[in-house]
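Subject: A structure to look through

Dear colleague,

I am handing over the structure below, and I would be grateful if you kept it open while you read what follows. The notes after it go through what was found, one region at a time.

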Amino acid sequence: DAHSAYRGRRWQNAESVSDYIAGMRESGTARTSETDADPVEERFFVGLRLERGIADDGPATKAQRDAIDHFVGEGLIERGNGIVRLTERGILFSNEVFAELVA
């Protein structure tokens, strides 16, 4: 279920091994979706994974700020020194965190 971005495009590979193999057999690609990449969104989500995090005042919608506050309370995101980033525990649950942030 890998996600990639390159030259302004973002894509997702098949989520299951059987779908991956079927896609490779049928079309020679395992991609299940491809969209335009939003550079602001890319920096936001990639930055949360980095040790240096992202600026706490960085681009985020009200819903995303509320979700970040929720995840800070759950111990999945930490906030300090003007940055936010995933905690070690948050990295383990990053799919769930990001799903909430894009909802």
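**What was found around R79**

R79 counts as partly exposed because its relative accessibility is 40%, where buried means under 20% relative accessible area, exposed over 50% and partly exposed in between, with a 1.4 Å probe and protein chains only. Please keep in mind that this is a predicted model, in which local features need pLDDT of at least 70 and side-chain atom pairs count only at pLDDT 80 or more, while totals for chains, interfaces and linings use all residues. Residues are numbered from 1 along each chain as its sequence is written, and side-chain values use heavy atoms, with hydrogens and water left out.

R79 lies in strand β5, residues 77–80; helices (H or I, at least four residues) and strands (E, at least two) are DSSP runs, numbered from the N terminus. Leaving aside residues up to four places away in sequence, R79 is in contact (heavy atoms within 4.5 Å) with D56, I68, D69, V72 and V84. The side chain of R79 makes a polar contact of 2.9 Å with that of D56, and another polar contact of 2.9 Å joins the side chains of R79 and D69. A polar contact here is a pair of N or O atoms within 3.5 Å; within protein, one must be able to donate a hydrogen and the other to accept it, and residues adjacent in sequence count only if both atoms are side-chain atoms.

**The sheet and the hairpins**

Strands of a sheet pair through backbone hydrogen bonds, either parallel or antiparallel. Here an open sheet of 3 strands runs in the order β4-β6-β5, with antiparallel pairing, and two strands are said to pair if DSSP finds at least two bridges between them. Its edge strands are β4 (54–55) and β5, each of which pairs on one side only. β5 pairs with strand β6 (residues 83–86) over 4 bridges in the antiparallel sense, and I77 has L86 in β6 as its bridge partner. These two strands form a hairpin with 2 residues between them, and N81 in the turn has a positive phi of about 55°.

Strand β1 (residues 3–6) and strand β2 (residues 9–13) also pair in the antiparallel sense, over 4 bridges, with H3 standing opposite Q12 in β2. In their hairpin, which has 2 residues between the strands, R7 takes a positive phi near 50°.

T87 sits in the loop between β6 and α4 (88–92). Is T87 buried or exposed, and what is its relative accessible area? T87 is buried, at 13%, and, not counting residues up to four places away in sequence, T87 touches G75, L76, I77 and E78.

In α2, the residues E42, F44, F45, G47 and L48 are buried, and what covers the buried residues of α2 includes β1, β2, β4, α3 (62–73), β6 and α5.
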